[in-house]
Amino acid sequence: MSPASLALLSPQAALAAGALVVLAAGASRRCSRGALRALAVSAVAAALVLLACTGTGQSPPLLRLDLLGRCFESVFLLAALPLLILMEADDEVPAALVLGSLIGMGLIAASSHLLMLFIGLELMSVPAYLLVSRSRSPQALEAAVKYFFAGGLASALFLMGMAMSYAASGSLAVVPAAKGLGAAGLSLMAAAALFKIGAVPLHFWLPDVYEASDPELAGFFSTGVKAAAVLLLARLASVSAGSALAAALPWAAALTILFGAAAALRQQRLARLLAYSSISHAGFMILAVAAWAAQGRAPAAGLAVFFYSAAYLFMSGGAFLWLKAAGVTRRAQLKGLARGRPWQAAMLAALLLALAGIPPTAGFAAKFLVFWEAFKAGFYVPMVLAGLGALLSLGYYLGLIREMYFDEPGPETAGPAAAGRGLGLAAAFAVVSVVLGLLPLLASLWQPGARP
Amino acid sequence: MNALALLLNLAAVLVLVLFLSNAGRLLGPEPRHEGDSDLPYETGLRPLAEAGPGMSALYWRFAVLFVVFDVDLAFLLPWALERGSLDAGSLAAVTVFTALLAFMLGYFWRKGALSCR
């Protein structure tokens, strides 16, 4: 491999070096927790800088970093930053695990070779199981075991699909397959990606895992890990033209959106509600991927896939950070919250409006782009079902806002104080998730020669 | 046609598995349930403990560490056999690889993963 092709992996190299330094510093027992945190955060920051300097390129057969991969990698890195900053750990292991998980995501972004994709998938997932098991909730261990077995099943599906694809094409590259053994292998591998995304009916592990994890960790899963799985699905779907997988994807997306929205309606625990809402949002990402693949990887559709993941990073990441910062877990605690904590209530309201897709927030721009691309790809019925799901989701997003602002405080309402750490980060995420929605508008105003 | 072949195959597998797992009961002599014949091991001695004794969790830590380094050594063997025909790049790669292994071994040592307590 030439130095130029190795440069494609320089963000991963920075992360790996960071992980080793963090481990060594932790083992020396002379480093404070703050110093460990600073080391891990600076490794991710270095990876971000290196990513900005890295061009696109490829080194057959293992590496291929395209624009979509680079954009997604920035999402992964940004998703990990708040987790690394807020994580409460006694030793260096969780920070090293997060960095290891990021390396795996980077390998998924930088490769289109099945072996590399599988190694990336495993490197991303195994630290995630361990991170769940170290959460503070009493159900953490049970959730970790559940996550581990579901993830193991996904890995087995991916391996089986890999073997079938290899049997059909004689190579481990991601090769187009419309029917026969190759297409079956592609579908199995896509099923593994859908498992990780949490698409219905492969979602059953997701609410338990998100509920038992610490909120900041659940935020990382719902933004970073989910985005990596979406990218994996995109890599596989891009070569599936004409196969049963390409036909099934928009329907899977519609089913996921509807089920997630319907199941979130009755949840009383906020982490679980956000988990089901993240299932619903995953459906929109799958719809975007399907539209992207159906239009022959059109750059505009690729933008829709990326923009949804980026917007979701701030909306969902912000909502989980808010849960952590406000120290609120149950829905009843939100009743009349706006009286005691007006600023925190406004923050959550902005995030919920963005998640619901109310203009002018990022959620609206993201949903609009996805619907537009799905329309261009001709997914009319799945589009209508997705619209129904989005409508249904207003029931709980706006319901939470109503409870905060228009209900009288009840006996369970959270008191005016007791704010945890990370309120500033949550506020920043809330602001970005509103401002990001104005970007397309501003961009159209700034276009030279454009008329208002 | 293919689906039919698959179904026939499935049926054949089911029949074979059901037959083999029950062949002793179907074809063999009537089993005797006397003395120690139903005990797991018929050595003539009463079993002293449960057949599956509990194993210390420490054992698994050693086992996992051993397997990790064992598998990594399996990567070194083909390199060593081909070292004559490889260039400086592969030497650098294997050096980095070995250095990583040494680092992790040192890390486990330092964290006390190699002690028996």
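**View 1. The second largest pocket of the predicted model.** In this predicted model, the second largest pocket has a volume of about 450 Å³. Its lining is made up of 25 residues, and those closest to the centre of the pocket are A:Arg64, A:Asp66, A:Arg235, A:Trp292 and A:Arg297. Two or more lining residues are given by each of several elements of chain A, namely strand S1 (57-59), strand S2 (63-65), helix H4 (67-86), helix H10 (215-237) and helix H13 (299-326). H13(A) supplies the largest share of this lining, with four residues. By residue class, the lining of the second largest pocket divides into 15 nonpolar, six polar and four charged residues.

**View 2. Chain B as a chain of helices.** Chain B holds three helices and zero strands, so that its elements, read from the N terminus on, run α-α-α. Of the 117 residues of chain B, 9% count as buried, and the chain exposes about 10100 Å², of which carbon and sulfur atoms supply 71%. When contacts in chain B between residues at least 6 apart in sequence are considered, 53% of them join residues at least 24 apart.

**View 3. Helix H3 of chain B and its cover.** Helix H3 of chain B, formed by residues 88-111, has 24 residues and reaches 34 Å from its first C-alpha to its last, which is close to the 34 Å expected at 1.5 Å a residue. Within H3(B), the residues B:Ser90, B:Val94, B:Leu101 and B:Tyr107 are buried. The cover over these buried residues of H3(B) includes elements from two chains: helix H2 (10-28) and helix H5 (93-109) of chain A, together with helix H2 (57-81) of chain B. Just after H3(B), B:Gly112 takes a positive phi of about 85 degrees.

**View 4. B:Ala102 on helix H3 of chain B.** B:Ala102 lies in helix H3 of chain B, the helix in which B:Leu101 is among the buried residues. Is B:Ala102 buried, exposed or partly exposed? B:Ala102 counts as partly exposed because its relative accessibility is 49%, whereas a residue counts as exposed over 50% and as buried under 20%. The C-alpha atom of B:Ala102 is separated by 58 Å from that of B:His33, and the two residues are 69 residues apart along the chain.

Technical notes:
Residues numbered from 1 in each chain as written. Chains lettered and ligands numbered in written order. Predicted model: local features only at pLDDT ≥ 70, side-chain atom pairs only at ≥ 80, totals over all residues. Heavy atoms only, no water. Buried < 20%, exposed > 50% of the residue type's maximum accessible area, 1.4 Å probe, protein only. Contact = heavy atoms within 4.5 Å. Areas by Shrake-Rupley, 256 points an atom, 1.4 Å probe, with all protein chains shown as cover. 1 Å grid on protein atoms, 1.4 Å probe; cavity = no way out; pocket = protein on both sides within 12 Å on 5 of 7 lines; lining within 4 Å. Points joined across faces, edges and corners; volume = space filled by probe spheres on them. Nonpolar A, V, L, I, M, F, W, Y, C, P; charged D, E, K, R; others polar. Expected span 1.5 Å × (residues − 1).
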